[in-house]
Amino acid sequence: MTDVSPTALRVLVIDDDPEGARTLSELFRCYGCATAVAYSGRVGLRLAKLFKPELVFVDFDMPDMNGLEVVSEAKVIDAEAGRRATYVCLTGGGPEITQDKADAAGFSRLLYKPLRVTDLLAVLLTARPGNFAAGTDVPAIRPARHPYPDRTPRH
C-alpha cells in the first residue's frame, strides 16, 4: 500500500456490492486519493462522520436505504459539521432514478453502471479542479507509481 498525502482527495464509496465498491476504491487509490468503503447506507453515514469525505459515491439501490435517503441524511451531517461534500449517484438504470431526481436529491452527478473510467476521472477532476494548474499544492490526479518498478512484468 502506498502512503497517502495529507492533501489527498478523500473519497467514500457506499455500495452494497463489496467487489464493486472495493474495486472503485482501489481505482481511486491508484490516483492518489484517500479512500474508505461502506457496504450499506447506515454504515456509510457513520463512516462519513469519521472519515469526512470530500467526494462520496453512493449506490442508488441498496437494501437498507436507497441513495436518495443516504444523501438526504448525509447533507444534514455535513451541515452540522460545517463542511460540504460532493455526491455522485451510481445506478444500474431503471425508472427509479433520473437525472432530475438525482439533482433534486442533492447529487452532483448521476453515473450508470457499468461505470466508465473516463467518467470517474472526470468526477475526480471536478472535485479538485486545480489539479493540473501550475503552482498548486494539490497533487495531480494521475496513477501512482508501481511499488516495484524494478520488476519485469510476466506474460
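The side chains of R83 and D78 meet in a salt bridge with an N to O distance of 3.6 Å, a salt bridge being a side-chain nitrogen of Lys or Arg within 4 Å of a carboxyl oxygen of Asp or Glu. Both R83 and D78 are buried, where buried means under 20% relative accessible area, exposed over 50% and partly exposed in between (1.4 Å probe, protein chains only). This is a predicted model, in which local features need pLDDT of at least 70 and side-chain atom pairs count only at pLDDT 80 or more, while totals for chains, interfaces and linings use all residues. Residues are numbered from 1 along each chain as its sequence is written, and side-chain values use heavy atoms, with hydrogens and water left out.

**Overall fold**

- The chain has five helices and five strands, which are DSSP runs numbered from the N terminus (helices H or I, at least four residues; strands E, at least two).
- From the N terminus on, these elements follow the order β-α-β-α-β-α-β-α-β-α.
- Of the 155 residues in the chain, 37% are buried.

**Nonpolar core**

- The largest nonpolar core contains 25 residues; such a core is a set of buried Ala, Val, Leu, Ile, Met, Phe, Trp, Tyr and Cys residues joined through side-chain atoms within 4.5 Å.
- Two or more residues of this core come from each of β1 (10–14), β2 (34–38), α2 (41–51), β3, α3 and β4 (86–91).
- Helix α3 gives the most to this core, with four residues.
- Among the residues with the most contacts inside the core are L12, V56 and F107.

**Salt bridges**

- The count of salt bridges comes to six.
- D59 forms one with K113, the closest N and O atoms being 3.1 Å apart.
- D59 lies in strand β3 and K113 in the loop between β5 (109–112) and α5 (117–127), so this pair ties together parts that are 54 residues apart in sequence.
- D59 is buried, at 5% relative accessible area, whereas K113 is partly exposed, at 29%.
- D15, D59 and K113 are linked in a network of salt bridges.
- R29 forms a salt bridge with E26, with 3.7 Å between the closest N and O atoms.
- R29 and E26 are three residues apart in helix α1 (residues 18–30), and are therefore separated by about one helical turn.

**The loop between β3 and α3**

- D61 is placed in the loop between β3 (55–59) and α3 (67–81), and D61 is exposed, at 59% relative accessibility.
- N66 is found in the loop between β3 and α3, and N66 is partly exposed, with a relative accessible area of 24%.
- N66 and S40 are 26 residues apart in sequence and 9.3 Å apart in space, C-alpha to C-alpha.
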